[in-house]
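Visitor: Could you walk me through this structure and show me how to read its features?
Guide: Gladly; let us look at it together.

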Amino acid sequence: MRVALNLDGSGRARVSTEIPFLDHMLELFARHGLFDLEVECRGDLEIDDHHSVEDIAISMGRALKEALGDKSGIARYGEATLPMDEALCRAVIDLSGRFYLVYEVETRRQRIGNFSVELAEHFWRSFAEAARCNLHIDCLRGRNTHHILEGTFKATARALRRAVEKDARIKGVLSTKGVL
């Protein structure tokens with residue numbers, strides 16, 4: 001397993017997970033977040049995709065936490081709502097240092113290729129817990145499972161992009177307690 005994340009990137013991705021749909025989601029996550037992301041994973045797919053998906057999410061969450069450092073000067077909060085054809089998805093994030101996930105996304109299919117759709121929620125839970133962030137992901141409407149998951153990954157990337165943006169007016173961290 002290898003993950004590298006540059007929050008000040010250009011949207012470049014080099015992803016190889018042996019799960020083509022997850023590769024697609026991570027590539028568009030990088031592109032819409034304007035992050036440079038490298039992920040290489042060789043998992044035990046002869047069993048199933050659970051361990052790979054979980055390990056990638058944990059590694060990405062840890063990489064985010066490390067890249068944020070003490071969080072000085074960042075916006076902290078981010079929100080994005082976007083359409084993906086018939087699907088309308090929203091993500092809201094707080095880089096508070098406290099983990100919480102709300103995932104309100106209903107889908108119709110169980111698999112997309114060799115990706116277990118139920119693992120999308122587990123991916124975001126593992127990511128948010130490792131990153132120590134508060135993350136809400138909702139699909140407000142949608143029918144096509146591919147569109148729904150694509151919309152949630154894009155919305156989350158765009159919300160995170162806003163949350164990690166530097167603001168020269170913020171001195172230290174954006175908290176009355178002085179720490180995040």
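**Reading the fold**

Guide: Helix α4 lies across β4, β5 (87-94), β6 and β9, running at about 150 degrees to β4. Helices (H or I, at least four residues) and strands (E, at least two) are DSSP runs, numbered from the N terminus. Axes are lines fitted to C-alpha atoms, for helices over the stretch in contact, with angles from 0 to 180 degrees between N-to-C directions; contact means heavy atoms within 4.5 Å.

Visitor: What should I know about the model before going on?
Guide: This is a predicted model, in which local features need pLDDT of at least 70 and side-chain atom pairs count only at pLDDT 80 or more, while totals for chains, interfaces and linings use all residues. Residues are numbered from 1 along each chain as its sequence is written, and side-chain values use heavy atoms, with hydrogens and water left out.

Visitor: In what order do the 4 strands of the open sheet come?
Guide: Two strands pair if DSSP finds at least two bridges between them. Here the order is β4-β5-β9-β6, with mixed pairing. The edges are β4 (77-84) and β6 (100-104), each pairing on one side only. On average, neighbouring strands of this sheet are turned by 10 degrees against each other, direction ignored.

Visitor: How many bridges join β6 to β9?
Guide: There are 5, and the two strands run parallel. L101 has L135 in β9 as its bridge partner. Helix α3 (residues 119-131) packs on the sheet, touching β6 and β9, and its direction makes about 160 degrees with that of β6.

Visitor: In which sense do β2 and β3 pair?
Guide: Strand β2 (residues 13-16) and strand β3 (residues 36-40) are parallel, with 4 bridges. The chain goes from β2 through helix α1 (residues 20-33) to β3, a left-handed β-α-β crossover. A crossover is right-handed if, with the strands pointing away from the viewer, the path from the first strand over the helix to the second runs clockwise. Strand β1 (residues 2-6) also pairs with β3, but in the antiparallel sense over 5 bridges; A4 has E38 as its bridge partner in β3.

Visitor: What span should α1 have?
Guide: The expected span is 1.5 Å times one less than the number of residues. The 14 residues of α1 should therefore span 20 Å, and its end C-alpha atoms are 20 Å apart, which agrees. Just after α1, L34 takes a positive phi of about 60 degrees.

Visitor: Which residues have the most contacts inside the largest nonpolar core?
Guide: In soluble globular proteins, nonpolar side chains tend to be buried together. A nonpolar core is a set of buried Ala, Val, Leu, Ile, Met, Phe, Trp, Tyr and Cys residues joined through side-chain atoms within 4.5 Å. Buried means under 20% relative accessible area, exposed over 50%, and partly exposed in between (1.4 Å probe, protein chains only). The largest core has 56 residues, and L26, L64, L95, F123 and W124 have the most contacts inside it. Helix α4 gives the most to this core, with 9 residues.

Visitor: Is G142 buried or partly exposed?
Guide: G142 counts as partly exposed because its relative accessibility is 30%. G142 lies in the loop between β9 (134-141) and α4 (145-164).
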